[in-house]
Number of protein chains: 2
Amino acid sequence: METTDLSPHISSRFNDDLEAVRASLLRMGGLVEAQLKKCLATLSEADSVLAAEVVRDDEQVNRMEVEIDEACLRILATRAPAAGDLRLIVAIIKAITDLERVGDEARKIAHISLRLATLERPADRYREVRHLGRLVEDMVHEALDAFARMDAEAALRVPQLDRQVDEEYESIQRQCVTFMMEDPRQVRRMLDITWAARALERVGDHAKNIAEYVIYMVHGQDVRHTRPEEVELRLRGRGGARES
Amino acid sequence: METTDLSPHISSRFNDDLEAVRASLLRMGGLVEAQLKKCLATLSEADSVLAAEVVRDDEQVNRMEVEIDEACLRILATRAPAAGDLRLIVAIIKAITDLERVGDEARKIAHISLRLATLERPADRYREVRHLGRLVEDMVHEALDAFARMDAEAALRVPQLDRQVDEEYESIQRQCVTFMMEDPRQVRRMLDITWAARALERVGDHAKNIAEYVIYMVHGQDVRHTRPEEVELRLRGRGGARES
């Protein structure tokens, strides 16, 4: 969009700096993905060591957020990037906030798992939550993958997955209400399952946000608050041309 | 921090641009505050007209987010701001995301209120939630006020309020669990109250985030993931000097 290039500072060092923050974001993403996998594992089998790891990882995720943020600010201040480079930096600044919040949700789930572990474990009660977890893991993975490859087509698939997540989440909710009404002794457990499902649903939202930044980064179009079909139409209308 | 000024473009038009996005953020904040007030009012008395207004406001809030974001990008691309100006722009980019999410939570609460309105209304059952709502309203107001006046001292008070919010939220949670266990017919209603309280608690988190951006903007220090006392100590250690 902005084609005026006001910065005479483009240099290989500039590209190195950009590449470095991009790599940091992907490293942070990898850590968050691992966190998510671990917290879902604690749901299948109570593992306080693994849960403690999720909490420890979260501290590192938080530190990475601050570091990447500072690196982006430094680039903005000293290199005055324009056009696509500027969009990349702003997309990174936004994406790390979402990644950090995914880390927070993973930590919440790990806490819930430990609490659930003190209760009698139902044969397969958490199966639905684990299924939801896998869906959400896929979303995060696809969003980060799209970011890594600056692939707007791949990013477009993420909001579509989000619908499936929402349906799955609603169904878990309904089930939990039924169980609670049938047996009040199940209230605490069911509430915890509800919270875990809610946390996963929010992880899906963050993955969707990250995918939207990828589209914005590649096409320079803000697609937030727009229905997936409309976004697709709008982008295809441009002949699917991809800038990079 | 960064004192190198690479931009020869500082002009009164630049200041006008900065002032314009700052004013837009405050206008967006005002709209979100009104939304919050309305959604809390729908909780005291079911008012489907008011609830519909909250939803409509949310669409405007979403549009404002995209517009302000674009204005910030334009400033970054064409004016290459440095130091404090750059921090202001980045703080605005981050703060509008939080404001937009407050709008989302307000919308959720309005939906819940309408659902609760179809049930028999208890004499004072929602009193605690309304109290929590007032606390959270204060937090949002103080955070925006601190932003308007670039007042880091005022911003420091917001995370302290968040603790009160968390306590209030936990207490509502515990109450709801007790009611559900005592009377399974209350499960749906109590779950809705729990969700409303949860939404309010998240609004408090967003207010805290905005307050942290104010501190960052004024002092150039990132205070996320830092305990309030530590932040205060760290800033006071600098003799409370305030840059603007």
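Q: Taking helices (H or I, at least four residues) and strands (E, at least two) as DSSP runs numbered from the N terminus, how many helices and strands are there in chain A?

A: Chain A has 7 helices and 0 strands, and reading along its sequence gives the pattern α-α-α-α-α-α-α. Please keep in mind that this is a predicted model, in which local features need pLDDT of at least 70 and side-chain atom pairs count only at pLDDT 80 or more, while totals for chains, interfaces and linings use all residues. Residues are numbered from 1 along each chain as its sequence is written, and chains are lettered from A and ligands numbered from 1 in the order in which they are written.

Q: What does the C-alpha trace of chain A span along its principal axes?

A: The C-alpha trace spans about 70 × 40 × 20 Å. Of the 244 residues in chain A, 45% count as buried, a residue being buried if 20 or more other C-beta atoms, placed from the backbone, lie within 10 Å of its own, exposed if 12 or fewer do, and partly exposed in between.

Q: And what share of the contacts in chain A between residues at least 6 apart in sequence join residues at least 24 apart?

A: That share is 80%, where two residues are in contact if their C-beta atoms, placed from the backbone, lie within 7 Å.

Q: Moving on, what rotation superposes chain A on chain B?

A: A rotation of 180 degrees, with 0.0 Å of shift along its axis, brings chain A onto chain B with an RMSD of 0.0 Å, the superposition being by least squares on the C-alpha atoms of residues with pLDDT of at least 70 in both copies. This is the relation of a two-fold axis, and within chain A the C-alpha nearest the axis belongs to A:Ala80, which lies 2.7 Å from it. The same surface serves both copies, since 97% of the contact residues of chain A recur in chain B.

Q: How many residues are in contact there, and which helices of chain A each supply at least two?

A: There are 29 residues of chain A in contact with 29 residues of chain B. On the side of chain A that touches chain B, α2 (48–79), α3 (83–117), α5 (152–182) and α6 (187–219) each contribute at least two residues, and the largest share, 8 residues, comes from α2(A).

Q: Where is A:Leu73, and is it buried or exposed?

A: A:Leu73 sits in helix α2 of chain A and is buried, with 20 other C-beta atoms within 10 Å. Leaving aside neighbours within four places in sequence, A:Leu73 is in contact with B:Leu86 and B:Val90. Its C-alpha is separated by 8.9 Å from that of A:Ile93, 20 residues apart along the chain.

Q: What about B:Asp69, which residues does it touch?

A: Not counting residues up to four places away in sequence, B:Asp69 touches A:Asp222, B:Ile93 and B:Ile96. B:Asp69 belongs to helix α2 of chain B and is buried, having 21 other C-beta atoms within 10 Å. From B:Asp69 to B:Leu25 the C-alpha distance is 9.9 Å, although the two are 44 residues apart in sequence.

Q: How do the axes of α1 and α4 of chain B cross?

A: The axes of α1 (residues 12–44) and α4 (residues 127–149) of chain B come within 11 Å and cross at roughly 175 degrees, with axes as lines fitted to C-alpha atoms, for helices over the stretch in contact, and angles running from 0 to 180 degrees between N-to-C directions. α1(B) and α4(B) are therefore roughly antiparallel, given that angles over 145 degrees count as roughly antiparallel, under 35 as roughly parallel, 65 to 115 as roughly perpendicular and the rest as oblique. The residues that meet include B:Leu36, B:Leu40 and B:Leu43 in α1(B) and B:Val140, B:Leu144 and B:Ala148 in α4(B).

Q: And in chain A, what do the buried residues of α1(A) pack against?

A: They pack against α2, α3, α4 (127–149) and α6 of chain A, and among them are A:Asp17, A:Val21, A:Leu25, A:Met28 and A:Gln35.

Q: Last topic: which residue in chain A has a positive phi although it is not a glycine?

A: A:Ala83 does, with a phi of about 45 degrees; A:Ala83 is in helix α3 of chain A and is partly exposed, with 16 other C-beta atoms within 10 Å. In chain B, B:Ala80 has a positive phi near 40 degrees, and B:Ala80 lies in the loop between α2 (48–79) and α3 (83–117). B:Ala80 counts as buried, with 27 C-beta neighbours inside 10 Å. Most residues other than glycine have a negative phi.
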